[in-house]
Amino acid sequence: MKKFNYFLAALLGLSITYASAQTKKGSVLIKNATVLTVTEGTLENSDVLVQDGIIKQVGQNLSAPSGVETVDATGKYLMPGIIDAHSHVALDVVNEATAPIVAEVRMRDVVNPFEVGIYRALAGGVTISHAMHGSANVVGGQNVTLKHRWGSEDPADIIMQDAPRTIKFALGENPTRVHGRGRGIQPRTRMGVEAILRNGFNEALQYKKAWEDYNNASSQKGNTKVAPEYDERLQTLVDILDGKIIIHCHSYRADEIYMLINVASDFGIDKLVFQHTNEGFKVAPEIAEYTMGASVFADWWAYKFEVYYSTAFNAAILTENGAITSINSDSAELIRHLYHEAAKTQRYGGMTDEQALSMITINPARQLGIADKVGSIEVGKQADLVLFEGHPLSVYAIPQQTYVDGVKYFDIETDADDQRLRVSPTEMVEPIFMTEEDHQCMQGAELYFSDISQTLFNINY
């Protein structure tokens, strides 16, 4: 059994290496920019040399090696690629709403590299997004971190293969509505949500012990013990308990945030990030002490009852209390404006440029476990970069070029008007000639899909 597991691990390692080797790596010298490194200050009139997808040098008067393109960025601003810690872009489906715990399902299996939202995100300077399961379940599916390599046809090429595993949890109205009110099963209340978590982890501990007992017994001569039945759902929960998976939890109210902190503490879990976290400002010291921080909206709230109470000062209060804080979109539209969302923390909280920019670069990188690879302009990191006309925190800022691994995937000057790789088969196309009956049918369809969209909005948010 152990030999078989080692064989599977070897095959998996080879497949990941192969997939990583197939992604394009670029080389470029960007000269004379105002370089916003995020972690090492602002460098005026400076150059960044990228070779084979990695930042090789940062300084002044750098020269391009033979064959490497030079980009004159005089008067422009260069910053790290923006990272969205909460997104559903490039996913064909979001919710597996059939049980309170569905830890076995994986978003990496439903990645759609043809979704034009990837390109639109690049146009907003976003180079990485955290593609998450929806919020219908107490324990949802496993998320996937994506690199926006637009033009790739293989889903594996846009998956960030070296990113840690993450999983979606959800508290409050979403799971209680979908299961308790919708299907008459636990959880019906916030008490039930906590019970689902504790019962699930306790069952996982029993499952882990059963396998440990079997593996210990199998090493003894004459052993005839039968192996436990493998369960992907329970094994994923075991991996959470063993620190192999980072929890990203949909949450709003302070009481439920504190509840999950206590549950995590009881089970020895320290890899925990809160998402949305509208009342995070009430428990900011606890979030700072016990978790990997909070990924929040800049100013969304009051769209349903449990998010009625919040404040635009939330991100600033969390930051001032020492919590790692990021600003996310949770929207295929807002993802293009995250630099504007970060700037709101300067209006509501007086954040410095570095603090505001950290919320869309290095901080989400920390929460995703990839800060050693991306999130700042430093030698040795992957060359995910955005060139701006105007300071990124200015309302007048406009992204000009976006690079992933040193490859330019967006250029405002040279890109065609329509950058779709394929036309979506589900996209509604208006007929050229419409009868009155056609028009009435279309209006009916629009109302139908509007109702569906509102339902999905309630589940995801």
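Author: Gladly! Let's begin with helix 4, which spans residues 173–183. Its buried residues are Glu-173, Asn-174, Pro-175, Thr-176, Val-178, His-179 and Gly-180. Just past the end of helix 4 comes Gly-184, with a positive phi of about 70°. Do keep in mind that this is a predicted model.

From there, let's turn to Phe-169. Leaving out residues up to four places away in sequence, Phe-169 touches Asn-137, Val-138, Val-139 and Gly-140, and also Leu-197, Phe-201, Ile-240, Ile-247, His-248, Cys-249 and His-250. Phe-169 also belongs to the largest nonpolar core, a set of 85 residues. Within that core, the residues with the most contacts are Val-139, Phe-169, Leu-197, Phe-201, Ile-240 and Ile-287. Helix 5 (residues 190–218) is the top contributor to this core, giving eight residues. Another core, of 15 residues, lies apart from it, and its members include Ala-33, Val-35, Leu-78 and Ala-383. In soluble globular proteins, nonpolar side chains tend to be buried together.

Ser-129 counts as buried because its relative accessibility is 0%. Its side chain makes a polar contact with the side chain of His-148, at 2.8 Å. Setting aside neighbours within four places in sequence, Ser-129 is in contact with Asp-84, Ser-87, Val-144, Thr-145, Leu-146, His-148 and Ile-335.

Technical notes
Residues are numbered from 1 along each chain as its sequence is written. This is a predicted model: local features need pLDDT of at least 70, side-chain atom pairs count only at pLDDT 80 or more; totals for chains, interfaces and linings use all residues. Side-chain values use heavy atoms; hydrogens and water are left out. Buried means under 20% relative accessible area, exposed over 50%, partly exposed in between (1.4 Å probe, protein chains only). Helices (H or I, at least four residues) and strands (E, at least two) are DSSP runs, numbered from the N terminus. A polar contact is a pair of N or O atoms within 3.5 Å; within protein, one must be able to donate a hydrogen and the other to accept it, and residues adjacent in sequence count only if both atoms are side-chain atoms. Contact means heavy atoms within 4.5 Å. A nonpolar core is a set of buried Ala, Val, Leu, Ile, Met, Phe, Trp, Tyr and Cys residues joined through side-chain atoms within 4.5 Å.
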